[in-house]
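Here's a quick briefing to read alongside the structure. Keep the 3D view open and find each part as it comes up.

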Amino acid sequence: MNSWQLLQLQWQVVGLTPLVAVLVRCLGWQRCQRLLLARPQRSHCLAAAPLSAVMVKLEPNRWYRGPLRARCLTRSLTLQAILARHGVLAQLRVGVAREGSQLLAHAWLELDGTVLNESQLHTGEFTMMAGLDVDGGAS
């Protein structure tokens, strides 16, 4: 992947992140995910690229400073939609953890068991919720 292709992907993230944040609030995350993944594949420029290096450069909060700061679910849905448009079908994972009396939730992407947009150590703290597939429905 050359620097021009990476720049195009970064602009896609900048444009899509606030839209996804609004859609998640209005439609809920599963309907938002179905809507985003319904778009046809456009190209396969990411299929041959080292995906972990690309994901670090695409992480929205790394450089996106818009009015709707993206949380983990919005970031993961945005990146999942962009990857899917380029032929990479990553799975959205949602996990929960208990911290004292608080219940925490976290979302991330995986591809063939490899965490794409988070640290493996960080996601290891969460118990993955069963029954969620790539389409956001119950499996």
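In this predicted model, helix α1 (residues 3-27) packs against helix α2 (residues 29-37) at an angle of about 135°, and their axes sit 7 Å apart. An angle of 65 to 115 degrees would count as roughly perpendicular and one over 145 as roughly antiparallel, so α1 is oblique to α2.

**Where the two helices touch**
- On the α1 side, the contact is made by L16, V20, L23, V24 and L27.
- On the α2 side, look for W29, R31, C32, L35 and L36.
- Sort the residues of this α1–α2 contact by type and you get nine nonpolar, one charged and no polar.

**A charged pair**
- How many salt bridges does a search of the whole structure find? It turns up one.
- The partners are E110 and R93, with their closest N and O atoms 3.4 Å apart.
- R93 belongs to strand β1 (residues 91-99) and E110 to strand β2 (residues 102-111), so the pair ties together parts that are 17 residues apart in sequence.
- Are these two buried or exposed? Both E110 and R93 are buried.

- The protein chain has an average pLDDT of 76, and 68% of its residues score at least 70.
- Confidence is highest in α2, at 90, and lowest in helix α4 (residues 60-63), where the mean is 53.
- Residues 134-139 have a pLDDT below 50, and in the model this stretch has 18 contacts beyond near neighbours in sequence.

Key
Residues are numbered from 1 along each chain as its sequence is written. This is a predicted model: local features need pLDDT of at least 70, side-chain atom pairs count only at pLDDT 80 or more; totals for chains, interfaces and linings use all residues. Side-chain values use heavy atoms; hydrogens and water are left out. Axes are lines fitted to C-alpha atoms, for helices over the stretch in contact, and angles run from 0 to 180 degrees between N-to-C directions. Helices (H or I, at least four residues) and strands (E, at least two) are DSSP runs, numbered from the N terminus. Angles under 35 degrees count as roughly parallel, over 145 as roughly antiparallel, 65 to 115 as roughly perpendicular and the rest as oblique. Contact means heavy atoms within 4.5 Å. Ala, Val, Leu, Ile, Met, Phe, Trp, Tyr, Cys and Pro count as nonpolar, Asp, Glu, Lys and Arg as charged, and the others, Gly among them, as polar. A salt bridge is a side-chain nitrogen of Lys or Arg within 4 Å of a carboxyl oxygen of Asp or Glu. Buried means under 20% relative accessible area, exposed over 50%, partly exposed in between (1.4 Å probe, protein chains only). pLDDT is the predictor's confidence in each residue, from 0 to 100.
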